[in-house]
Amino acid sequence: MTAGVPRCAIVPPYVLDRLAEAGHQPAVHSLALDAAHRAARLAAPPPTTGAPGLSRLVYDAGHGQRLPGRTVRTEGHAPVADASVNHAYDGLGATFALYSDVFGRDSIDGRGLRMDASVHYGRNYDNAFWNGSQMVFGDGDGQVFGDFTACIDVIGHELTHGVTQFTAGLDYQDQPGALNESVSDVFGSLVKQYALHQDAASADWLIGAGLLAPGIQGVALRSMKAPGTAYDDPRLGKDPQPAHMRDYVDTTDDNGGVHINSGIPNHAFYLLATALGGSSWEQAGRIWYDALTGGGLPATADFTAFARATVAAAKARYPDRPPIADTVTASWAQVGVSPG
């Protein structure tokens, strides 16, 4: 499905709002573009489904706002002189590899969707997003944010919004929206871990590590290991993510706190992956993937419904290993969510 797809961006609106209120002009410009995207949904064309297997197409928007831009690299072609083009190309490939190698999924839609991306969108644009059919990357302003193509987990995060779009279709509001964001963080982190051959113990569990410019007091946009600790900076403010339901943020901003409260299910996944040990994509990742794509998760699922779906998925996938499902239940309990 593609109709009514929310424009899901990696930088939360409350971060840009704070920067804009302080007079940071790139943030003002980025917020204006974001508002236009939400209003128009970018009139995104239907995604292009091709032959099975990996197919990538990278465009250069030339710092303009018309998409997709000029074709600069296609599948199988050698690297070009533009690092952003190559980073985007490699990130698309790394995301495809995780979904294909681990979960047997043929691209974002499961049917060979061509993976398109546009780089150099806008001037000093402080965001990256999935618009329902392709990835779009800003260059950042160089003062607060760097190049958005440089973080492989950011690419995996945004493309996973496409996977959610074609599977559970979680509503982008309140707890379903926070789950939507969390699922993207989970698989964005798994894309990075899979590409770097990291196990759960050695992964940094940060989303957007390296995205913040030098001088910013922070390490990333979000931390799954310790939600609420990713940054604490005079310009950005303090990371507002909770790690437990007792600190759930009830707000009308940010579509009901979708980027804020995602810290709770994020932390549940981190606790599960580290408790099970080994490669996070092998057991914990398979359970989350089964819950997302199994067909039984409603678009309105809240945290409790998703927790129940993960426990059911663990029992179905590992029927002879009940401690795994028990560990799933315990991980959710540690963040204040009971699968019941």
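Biologist: Is R70 buried or exposed in this one?
Modeller: In this predicted model, R70 counts as exposed because its relative accessibility is 54%, and exposed here means over 50%.

Biologist: And what does R70 form a salt bridge with?
Modeller: Its partner is D60, and the closest N and O atoms of the two are 3.6 Å apart. The pair links distant parts of the chain, with R70 in strand β3 and D60 in strand β2, 10 residues apart.

Biologist: Is D60 buried or exposed?
Modeller: D60 has a relative accessible area of 14%, and it is therefore classed as buried, the cut-off for that being under 20%.

Biologist: What about the rest of β2, then, how many of its residues are buried?
Modeller: Five of the five residues of strand β2, which covers residues 56-60, are buried, so the strand is largely enclosed by the rest of the structure. R56, V58 and D60 point one way from β2, while L57 and Y59 point the other way, and all are buried.

Biologist: Which strands is β2 joined to, and do they run parallel or antiparallel?
Modeller: Five bridges join β2 to strand β4, residues 115-119, and these two run parallel, whereas four bridges join β2 to strand β3, residues 70-74, and that pair runs antiparallel.

Biologist: What does R317 meet in a salt bridge?
Modeller: The side chain of R317 meets that of D290, with 2.7 Å from N to O. R317 has a relative accessible area of 36% and so counts as partly exposed, and D290, at 22% relative accessibility, counts as partly exposed. Elsewhere, salt bridges that share partners join D153, K192 and D204 into one network.

Biologist: Switching to helices, how do α7 and α8 pack?
Modeller: Helix α7, residues 263-276, and helix α8, residues 284-293, pack at an angle of about 140°, with their axes 9 Å apart. The two helices are therefore oblique to each other.

Biologist: Which residues meet there?
Modeller: From α7 there are P265, F269, L272, A273 and L276, and they meet A284, G285 and W288 in α8. The residues of this contact divide into seven nonpolar, one polar and no charged.

Biologist: Last one, where is L206, and what is L206 in contact with?
Modeller: L206 is found in strand β7, residues 206-207, and it counts as buried because its relative accessibility is 14%. Leaving aside its neighbours within four places in sequence, L206 is in contact with D153, K192, V219, A220, R222 and S223. D153 and K192 also belong to the salt-bridge network with D204.

Biologist: And how far is L206 from V102?
Modeller: L206 and V102 are 104 residues apart in sequence, and their C-alpha atoms are 21 Å apart in space.

Terms used. Residues numbered from 1 in each chain as written. Predicted model: local features only at pLDDT ≥ 70, side-chain atom pairs only at ≥ 80, totals over all residues. Heavy atoms only, no water. Axes fitted to C-alpha atoms, helices over the stretch in contact; angles between N-to-C directions. Parallel < 35°, antiparallel > 145°, perpendicular 65-115°, else oblique. Contact = heavy atoms within 4.5 Å. Nonpolar A, V, L, I, M, F, W, Y, C, P; charged D, E, K, R; others polar. Buried < 20%, exposed > 50% of the residue type's maximum accessible area, 1.4 Å probe, protein only. Pairing = 2+ DSSP bridges. Salt bridge = Lys/Arg side-chain N within 4 Å of Asp/Glu carboxyl O.
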